[in-house]
Amino acid sequence: MANVNIKFNGKDYLLSCDDGQEENLKELASHLSKKFNELKSNLGNIGENKLLLISSIKVIDEYYDLLKKIESKKKEFNNLSEKFKELKSLVIDYKGNKDNEIDKLKEDLNKFKIMADENKNVYEKILDTTTESIEEFIQSSLKDKRLQ
């Protein structure tokens, strides 16, 4: 335990605290002393006990205001967190839907490629057949001309 000398309302007080907490104790005492002196200058010397009580109430009031603000911020944070989770879920669903659409498009493209290859083969056979027919026709025409 460490000992700290604190000056409050013109008097010295020796207070104990955990090792390493000396500066924190000094800051707290300074804050309380500031509140006490503000009240003393505003209200006059109405008695040390009454000024200490009012100072303590003002400090506690500030503390509770901060607690309320913290609770409000926690609620805001939780609401934002829930909205973020909803948004994340929507994004994941959207991505899943788009991935399914892409897979469907790839499947359709592969079917189209297969159909194009099949049509190419059919077209080539038709061309070959047509070419043969034209050649036979030409050959036949040439024979007919020779005969005449």
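Trainee: In which helix is Ser55 found?

Mentor: This is a predicted model, and in it Ser55 is found in helix H2, which covers residues 48-147.

Trainee: Is Ser55 buried or exposed, and which residues is Ser55 in contact with once its neighbours within four places in sequence are left aside?

Mentor: A residue counts as buried when its relative accessible area is under 20%, and because Ser55 has 0% relative accessibility, Ser55 counts as buried. Leaving aside those neighbours in sequence, Ser55 is in contact with Leu32, Lys35, Phe36 and Leu39.

Trainee: How do the elements of the protein chain run from the N terminus on, and what does the chain span along its principal axes?

Mentor: The chain has two helices and two strands, and their order from the N terminus is β-β-α-α. The C-alpha trace spans about 145 × 30 × 20 Å along its principal axes, and 9% of the 148 residues count as buried.

Trainee: Which residues of H1 are buried, and where do they lie around the axis?

Mentor: The general idea is that an α-helix has 3.6 residues a turn, so residues three or four places apart point the same way. In H1 the buried residues are Leu25, Ala29, Ser33, Lys35, Phe36 and Leu39. They cover an arc of only 160° around the axis, which puts them on the same side of H1. The face turned away from that buried side carries the exposed residues Glu27, Lys34, Ser41 and Asn42.

Trainee: What span should the 22 residues of H1 have, and how far apart are its end C-alpha atoms?

Mentor: At 1.5 Å a residue, H1 (residues 22-43) should span 32 Å, and its end C-alpha atoms are 31 Å apart, which agrees. Just after H1, Gly44 takes a positive phi of about 85°.

Trainee: Which residues make up the largest nonpolar core?

Mentor: In soluble globular proteins, nonpolar side chains tend to be buried together. Here the largest nonpolar core has six residues, namely Ala2, Val4, Ile6, Cys17, Leu25 and Ala29. Strand S1 (2-8) and H1 each supply at least two residues of this core, and the largest share, three residues, comes from S1.

Trainee: How many salt bridges does the structure hold, and which parts does the pair of Glu48 and Lys11 tie together?

Mentor: Side chains of opposite charge can pair when their charged atoms come close. The structure holds 11 salt bridges, and one of them joins the side chains of Glu48 and Lys11 at 3.4 Å, N to O. Glu48 lies in helix H2 and Lys11 in strand S2 (residues 11-17), so this pair ties together parts that are 37 residues apart in sequence. Glu48 is partly exposed, with a relative accessible area of 26%, and Lys11 also counts as partly exposed, at 39%.

Trainee: How many residues apart are Glu23 and Lys26 in H1, and Glu107 and Lys111 in H2?

Mentor: Glu23 and Lys26 are three residues apart in H1, about one turn of the helix, and their side chains meet in a salt bridge at 3.7 Å, N to O. Glu107 and Lys111 are four residues apart in H2, and are therefore separated by about one helical turn; their salt bridge is at 3.5 Å, N to O.

Technical notes: Residues numbered from 1 in each chain as written. Predicted model: local features only at pLDDT ≥ 70, side-chain atom pairs only at ≥ 80, totals over all residues. Heavy atoms only, no water. Expected span 1.5 Å × (residues − 1). Buried < 20%, exposed > 50% of the residue type's maximum accessible area, 1.4 Å probe, protein only. Arc of directions from axis to C-beta. Core = buried A, V, L, I, M, F, W, Y, C linked by side-chain atoms within 4.5 Å. Contact = heavy atoms within 4.5 Å. Salt bridge = Lys/Arg side-chain N within 4 Å of Asp/Glu carboxyl O.
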